[in-house]
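Here's a quick briefing to read alongside the model. Have a look at the fold first, then work through the notes below.

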Amino acid sequence: MTSNTRVVVIGAGLAGVRLARRLGELGVSAVLVGEEEHSPYNRVLLAEVLAGRYAPEVIALPTPERLTRGRVVHIDRALRQVHLADDTVIAYDTLVLATGSNPVLPPLRGLFAPGRHELPEGVHAFRTMDDCLGLSGAVRRGSRAVVIGGGLLGVSAARALAERGAQVVLAQQGERLMERQLDPSASGLVLRHLKGLGVEVHTESRVRGVRCVEGAVRSVEMADGYTLGADLVVLACGVRPRAGLAQDAGLAVHKGVIVDDELRTSDPHIRAIGDCAQHDGQVYGLAAPALEQADVLAELLAGAPSASAAGTGTGSAGSAAGYSGTRALTRLTLATGSSPAAAGPLDLAAFGEHTPLPGDDVVQLTDATRGTYRKVVVRDDRLVGGVLVGELGTVGALARAWEGAEPLPADGAPLLHLLTNDGGS
């Protein structure tokens, strides 16, 4: 691809900004179209902004030179044009969808007034900088906040609100916190951590509706009939790939926009990366795969030699020859806050298969006093997964051992050293 070929990227999140930057480094100019009014930012750190540890500008990403602000409303595949809401039309030779994902809004009774699509006053999704700033401006010391959802996002939001002095209740429909990422022991440590901050946690508890007075939330109704008073409600019920543009354009969409190993959609002139993309049946919804896909696609579009997506912090299976998946590690690090309610840092990581199969070896170390837990699963002398909570100086070395998929020494000494070492990662 020559440098005068027009690449247009829709989406100014982590994936889109990374792709535009890498293309620029490789001599290919790209136009980035971003819908939000804010400068591009690292969405992963929004909870730190909510907690008051970071100002919004601290999590800003480098702004690409060719950034167009606007909302894309239509893709004309025949003419290879994108149409914006303000009637701007941008031509492309190659279009890249990096549209990310939308928060899931649960079907709660009373959430939307008849004929209205705006959330009531006091009810917030937690996905964008606007969501974060709106919630941050609304929370007060003593505010009654109900967080719906006990996954990664819900845990992060609950902790941040507690550190701001809110009275927080977290309602999780599943049987434990972060059940997709953590085993029961690790989940129990996260529960203990939140309770130490004063967060009231209800698991196996389904929210049925919200009650609003004059357009503002006043309480949350549980399925068992119990009512929780609420000044604020945070919807942290997961995300869904933002694939509406692709679907309207007639591209193949299942869970996300379907792409092949070259990250091409069903239209060879359109690629997709990040949260909106579905590769080999999987939608990752994590930062590391999005960054790796951006690096691989930049090399593919520029015709550059493979750099194997180095530097993403994950095991790369991609190159200029294509992308074949990411061995993704889920990481949550919340630093010690400065407020009176602040607890110590919450640091956890989960990777690979941490539920053992028959015949697997499991190494597990628990220190209840320090609140640390480390478990790894070994199969056929190879590290296949693990879950770690607290003082994670070992996570980098363990992740590299997992990514490399090399046989472990038979005596197990290096693995035990990694599990017990609190040194640098």
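E221 counts as partly exposed at 25% relative accessibility, where partly exposed sits between buried (under 20% relative accessible area) and exposed (over 50%), using a 1.4 Å probe and protein chains only. Its salt-bridge partner is R208, with N and O 2.7 Å apart; a salt bridge here is a side-chain nitrogen of Lys or Arg within 4 Å of a carboxyl oxygen of Asp or Glu. Keep in mind that this is a predicted model: local features need pLDDT of at least 70, side-chain atom pairs count only at pLDDT 80 or more, and totals for chains, interfaces and linings use all residues. Residues are numbered from 1 along each chain as its sequence is written, and side-chain values use heavy atoms, with hydrogens and water left out.

**The chain overall**

- The protein chain comes to 9 helices and 27 strands; these are DSSP runs numbered from the N terminus, with helices (H or I) of at least four residues and strands (E) of at least two.
- Of the 425 residues in the protein chain, 50% are buried.
- Take the contacts in the protein chain with a separation of 6 or more: residues 24 or more positions apart account for 59% of them. Contact means heavy atoms within 4.5 Å.

- The E221–R208 pair links distant parts of the chain, 13 residues apart: E221 is in strand β14 (residues 216–222) and R208 is in strand β13 (residues 207–213).
- R208 is also partly exposed, at 26% relative accessibility.
- β13 and β14 run antiparallel and are joined by 6 bridges; strands pair if DSSP finds at least two bridges between them.
- V207 stands opposite M222 in β14.
- The two strands form a hairpin with 2 residues between them, and E214 in the turn has a positive phi of about 55°.

**Other salt bridges**

- Side chains of opposite charge can pair when their charged atoms come close.
- The structure holds 20 salt bridges.
- One of them joins R127 and D275, whose closest N and O atoms are 2.8 Å apart. R127 is in the loop between β9 (123–125) and α3 (129–138) and D275 is in the loop between β19 and β20 (277–279), so to speak a link between distant parts of the chain, 148 residues apart. Both R127 and D275 are buried.
- E175 pairs with R176, with closest N and O atoms 3.5 Å apart. R176 is buried, at a relative accessible area of 19%.

- R271 is in strand β19 (residues 270–272).
- A polar atom of the R271 side chain does lie 2.6 Å from the backbone oxygen of E262.
- Leaving aside neighbours within four places in sequence, the contacts of R271 include T94, V96, L263, T265, L297 and L301.

**The parallel sheet**

- An open sheet of 5 strands runs in the order β9-β16-β10-β11-β12, with parallel pairing.
- Its edge strands are β9 and β12 (200–202), each pairing on one side only.
- From one strand to the next, the twist averages 20°.
- β9 is joined to strand β16 (residues 232–235) by 3 bridges, and the two run parallel. A125 has L235 in β16 as its bridge partner.
- α3 lies across β9 and β16, running at about 145° to β9. Axes are lines fitted to C-alpha atoms, for helices over the stretch in contact, and angles run from 0 to 180 degrees between N-to-C directions.

**Loop residues to look at**

- Q181 is in the loop between β11 (167–171) and α5 (184–196). Q181 is buried, with a relative accessible area of 17%, and touches L152, T330, A350 and H354, not counting residues up to four places away in sequence.
- D87 is not a glycine, but has a positive phi of about 75°. D87 lies in the loop between β5 (81–84) and β6 (89–91) and is exposed, with a relative accessible area of 68%.
- E204 also has a positive phi, near 50°. E204 is in the loop between β12 and β13 and counts as exposed at 61% relative accessibility.

Notes
A polar contact is a pair of N or O atoms within 3.5 Å; within protein, one must be able to donate a hydrogen and the other to accept it, and residues adjacent in sequence count only if both atoms are side-chain atoms.
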